[in-house]
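Student: I have a new model open and would like to learn how to read it. Where do we begin?

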Amino acid sequence: MNYRGLGVGLGIVVGPVRRMFTVVPEPADEVSALSLKDERVRAREALETVAVELESRARQAGGDAADVLAAQAMMARDPDVWDDIEALLVQRKTAEWAVSQAFSAFVGMLKSLGGTQAERAADLVDVSRRTVAIIMDVPYGEIPECDEPYVLVAEDLAPADTAMLDLSCVLALVTSGGSPTAHTAILARAKGLVAVVSAAGVLDIPDGEIVVVDAAEGTIECAPDADRIAEVRERMSHEDDEGDLSDGQLSDGTAIPLLANVGSLGNVQNALAKGAEGVGLLRTEFLFFEEDVAPSVEEQTARYREILVALDGRKAVARTLDAGADKPLAFLPLGKEDNPALGVRGIRTVHKHEQLLRDQLESLSAAGSAVPSDLWVMAPMVADATEAEWFASMAREAGIRTVGVMIEVPSCAVVADQVFDAVDFVSIGTNDLTQYALAADRQNGEVAAYQDAWHPAVLRLIRMVGDAATASKKPLSVCGEAASDPLLAVILVGLGVTSLSMVPNALREVRSTLAKYSLEEARVLAAIALDARSAADARSRVRDALPRSPR
Ligand code: PEP
Ligand code: MG
């Protein structure tokens, strides 16, 4: 039996399954036999042990993982949670019951908020389970011993565990729960770990069964035959090769610059080590997620400047703050909306807070003039040419020389010819463009199957933008996840895209796949995909038409 989920990254591995169960017995609602003082000590000590353990993991893990783990440690010390525990303890409840009840109230609240807040609920559940396990003295979610490298299968791994996974033991991570935007998947992606999440039923695969995990396909194949195992092992043996770090180009020599999507200075350094030719998407909101008050012009200038210095004159495409919907910013209160993905997000937030945009543009401009750099600036979620003109005039007024917009809203793709008249370049955000074209909330796992940029409707929208780019002779990039799918990257180029920006871990495979096709071949494959009836049909028609398989 084979299973299907949502792949994180592009790798493929073969190996035996080891399952990890992360369930702690439910504490009973009974009157405590201990004194109130003793129950307080049990709860306090367990919470503190969990906080200290998570902090120590944060120090060892570093990077993005450190922030997630440190945030979890803070949850264990949250005074509001403690007040709720205390209120239950004084009613003579046991420490384990009080802890599990207090946390589950907060978990319920986060889940009711939906979106990313709901995904953070998993982090809180983990803190609760860890604490209860200590109080009840039961084992909790231990990563299996490593006698040979294995595929770890779990219900959903806690960020704390994902961060600590030993990559010499764990070949891949497969979870029955989770989603590609939850922290576990984000950390797996940052570690370059092959992962498939939200794969229902995988906990039924017995320990020891050999499986092939293909993140690009989002599949788990059970009991593969000897030929398939040999083929996957051959591909795995090339995974650690330094690889070719040359600039992106097609087989006919057409240059397709390969850039990186980044959200921190550390990401930039990693991207350059993987051969990125620059940054095609700097998610500036990621730099200021933690801030409660809007960062000053000086503070912003310093942050942008250090990134430009690291890029040493290479291209840097900064996106202005993309707040709202799945990316709330504490210093930009937007109020509750019934449909936040269709509400005030991206550029729409700064229509009400124009000074915020002006300050950001001034900071970017100051950073760009302070050091030798090639700074381009674009706005997210632009709906049409009028909005593009509004942004462009403000950006130019601030001294930005190369101004663009992201095309993520279908209306903007349809009038792309008008949009190109207003700006110097365009970058397509295929994550949002797909969500809006297919009317499928990208935060909602129930409709995740619609979130597929191979869909011919999405490709036809991209073709409209590609035709407008060609007619205007202006650059067109793709910076959504579609750019990191090697074969789809070829199709995008065939539709008129002139550069691609992606997670750094995808650069190598995209580079080597592009090098196999000429521009003419890419156009032929794109035409085949445009005629397909569905995303799956587009993939299979294109694969059938390949002169030789890139996979
Ligand atoms: C996109 O929508 O494709 C994109 C790159 O923006 P984000 O994922 O940050 O919304
Ligand atoms: Mg977007």
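Student: How far apart are the C-alpha centres of domain 1 and domain 3?

Tutor: This is a predicted model. In it, the C-alpha centres of domain 1 and domain 3 are 30 Å apart. The two also touch: 8 residues of domain 1 are in contact with 11 residues of domain 3.

Student: Which residues does the domain assignment give to each domain?

Tutor: Domain 1 comes in two pieces, 2-22 and 142-238. Domain 2 covers 36-136, and domain 3 covers 258-544. These bounds come from an automatic or database domain assignment.

Student: Let us turn to the metal. Which residues coordinate the magnesium ion (ligand 2)?

Tutor: Glu408, through OE, and Asp432, through OD, coordinate the ion at 2.0 Å. The pair links distant parts of the chain, 24 residues apart. Glutamate 408 sits in the loop between strand 13 (402-407) and helix 15 (410-414). Aspartate 432 belongs to helix 17 (residues 430-437).

Student: Are glutamate 408 and aspartate 432 buried or exposed?

Tutor: Both glutamate 408 and aspartate 432 are buried.

Student: Next, helix packing. At what angle do helix 9 and helix 11 pack?

Tutor: Angles under 35 degrees count as roughly parallel. Helix 9 (residues 265-273) and helix 11 (residues 297-311) pack at about 10°, with axes 10 Å apart. The two helices are therefore roughly parallel to each other.

Student: Which residues of helix 9 and helix 11 meet?

Tutor: From helix 9 come Leu265, Val268 and Leu272. They meet Glu306, Ile307, Ala310 and Leu311 of helix 11. This contact has 6 nonpolar residues, no polar ones and 1 charged. As a general idea, an α-helix has 3.6 residues a turn, so residues three or four places apart point the same way.

Student: Which residues are buried in helix 20?

Tutor: In helix 20 (residues 507-514), the buried residues are Leu507, Val510, Arg511, Thr513 and Leu514. Their cover includes helix 9, strand 9 (258-262), helix 19 (486-494) and strand 16 (499-502).

Student: Where do arginine 92 and lysine 473 lie?

Tutor: Arginine 92 is in the loop between helix 3 (79-89) and helix 4 (95-113). Lysine 473 is in the loop between helix 18 (456-472) and strand 15 (476-478).

Student: Why does arginine 92 count as partly exposed, and why does lysine 473 count as exposed?

Tutor: Exposed means over 50% relative accessible area, and buried means under 20%. Arginine 92 has 28%, so it counts as partly exposed. Lysine 473 has 76%, so it counts as exposed.

Student: How does a buried residue look by that rule? Take glutamine 72, in helix 2 (residues 63-76).

Tutor: Glutamine 72 has a relative accessible area of 0%, so it is buried. Its C-alpha atom is separated by 8.6 Å from that of glutamate 55, 17 residues apart along the chain.

Student: What about a loop? Where is threonine 320?

Tutor: Threonine 320 is in the loop between strand 11 (315-319) and helix 12 (347-352). At 4% relative accessible area, threonine 320 is buried. Beyond its neighbours within four places in sequence, its contacts include Thr284, Glu285, Leu357, Met378 and Phe391.

Technical notes. Residues numbered from 1 in each chain as written. Chains lettered and ligands numbered in written order. Predicted model: local features only at pLDDT ≥ 70, side-chain atom pairs only at ≥ 80, totals over all residues. Heavy atoms only, no water. Donors = N, O, S within 2.8 Å, 3.2 Å for Na, K, Ca; no water. Helix = DSSP H or I, 4+ residues; strand = E, 2+ residues; numbered from the N terminus. Buried < 20%, exposed > 50% of the residue type's maximum accessible area, 1.4 Å probe, protein only. Axes fitted to C-alpha atoms, helices over the stretch in contact; angles between N-to-C directions. Parallel < 35°, antiparallel > 145°, perpendicular 65-115°, else oblique. Contact = heavy atoms within 4.5 Å. Nonpolar A, V, L, I, M, F, W, Y, C, P; charged D, E, K, R; others polar.
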